[in-house]
Amino acid sequence: MNICGLQKLTLLDFPGHTACTVFTGGCNLRCPFCHNASLVKGGAEKLAEGELWGFLKKRAGLLDGVCISGGEPLLQQDIGDFIAELKKLGYKVKLDTNGTLPQHLVVLLEKGLLDYVAMDLKNSPELYPKTVGKADFDFESVAESMELLRTNRVPYEYRTTLVKPLHSKESLMSLAALIRPDEHWFLQQYIDSGDILGSGMEAFTPEEMKAFLLELQPLLPMCSLRGL
């Protein structure tokens, strides 16, 4: 595992659980609003394996779970073995993923290695190439991952980070048509971390975010805001 960061405590990332978050290096997308540019481009320093496992063994029984984020964690070839070791220590595992690697996601789901999945939905299908920085991007992989989550019993959520000039009422309504009324969908406010992959990105105001929610909630009652 290429681990490039460790947040030792989070009370927000894993719903209902105290957890830590490990960050993997590398990503197959190039979203211009990404706030972990050093992880995406491979410039982040790798965390020593002994240091990581020393922490995890010491906190076993004190923390409920481990969030695995990125970058894109499903790029890690040994992620299944990594999660299996976490399970031996008694941890529940939450995976953050961009949903573009359903062939890897299904393996973890079928082996019962995941307790929660948070999947990014970047934008409406027609705007995905621009939003993820890949001109030839095919949305079908994301659609396949959505169906995998729906046919397994693992709790999950969708999340979309809203940023000017990539998102609009129209693009969100188009994306909403792909989401079911009983699915959790979080609209997240963009934050400039200072480690942004692109340029020219700007956050929507809280008032603008709330206006989007008012348009979407009659269709999707489980839609809500995060980060305000």
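Helices (H or I, at least four residues) and strands (E, at least two) are DSSP runs, numbered from the N terminus. The model is predicted, and local features need pLDDT of at least 70, side-chain atom pairs count only at pLDDT 80 or more, and totals for chains, interfaces and linings use all residues. Residues are numbered from 1 along each chain as its sequence is written, and side-chain values use heavy atoms, with hydrogens and water left out.

The protein chain contains eight helices and eight strands. Its radius of gyration, taken over C-alpha atoms, is compared with a globule rule of 2.2 Å times the number of residues to the power 0.38. For 228 residues a compact globule would have a value near 17 Å, and the 17 Å of the protein chain agrees with this. The C-alpha trace spans about 50 × 35 × 35 Å along its principal axes. Of the 228 residues, 49% are buried, where buried means under 20% relative accessible area, exposed over 50%, and partly exposed in between (1.4 Å probe, protein chains only). With contact defined as heavy atoms within 4.5 Å, 72% of the contacts between residues at least 6 apart in sequence join residues at least 24 apart.

The 23 positive and 29 negative charges have mean positions 5 Å apart. Lys and Arg count as positive and Asp and Glu as negative, whereas His and the chain ends are not counted; the place of a charge is NZ of Lys, CZ of Arg, CG of Asp or CD of Glu.

Helix H6 (residues 140–150) has buried residues Ser141, Val142, Ser145, Met146, Leu148, Leu149 and Arg150. Their cover includes helix H4 (102–110), E5, helix H5 (128–132) and E6. Valine 154 lies in the loop between H6 and E6 and is buried, at 14% relative accessible area. Not counting residues up to four places away in sequence, valine 154 touches Leu109, Leu114, Asp115, Tyr116 and Val117. Its C-alpha atom is separated by 10.0 Å from that of lysine 94, 60 residues apart along the chain.

Threonine 100 is placed in the loop between strand E4 (92–97) and H4 and counts as buried at 9% relative accessibility. Beyond four places in sequence, threonine 100 touches Asn28, Leu29, Phe137, Ser141, Val142 and Ser145. A polar contact is a pair of N or O atoms within 3.5 Å; within protein, one must be able to donate a hydrogen and the other to accept it, and residues adjacent in sequence count only if both atoms are side-chain atoms. The side chain of threonine 100 makes such contacts with the side chains of asparagine 28, at 2.8 Å, and asparagine 98, at 2.6 Å.

Aspartate 120 belongs to strand E5 (residues 116–120) and, at 16% relative accessibility, is buried. A polar contact of 3.3 Å joins its side chain to that of lysine 122. Residues up to four places away in sequence aside, aspartate 120 touches Thr97, Asn98, Tyr128 and Arg159.

Most peptide bonds are trans. The bond from glycine 70 to glycine 71 is cis, with omega near 10°; glycine 71 lies in the loop between strand E3 (65–69) and helix H3 (79–88). The bond from lysine 164 to proline 165 is also cis, with omega near 5°, and proline 165 is in the loop between strand E6 (156–162) and helix H7 (169–176).
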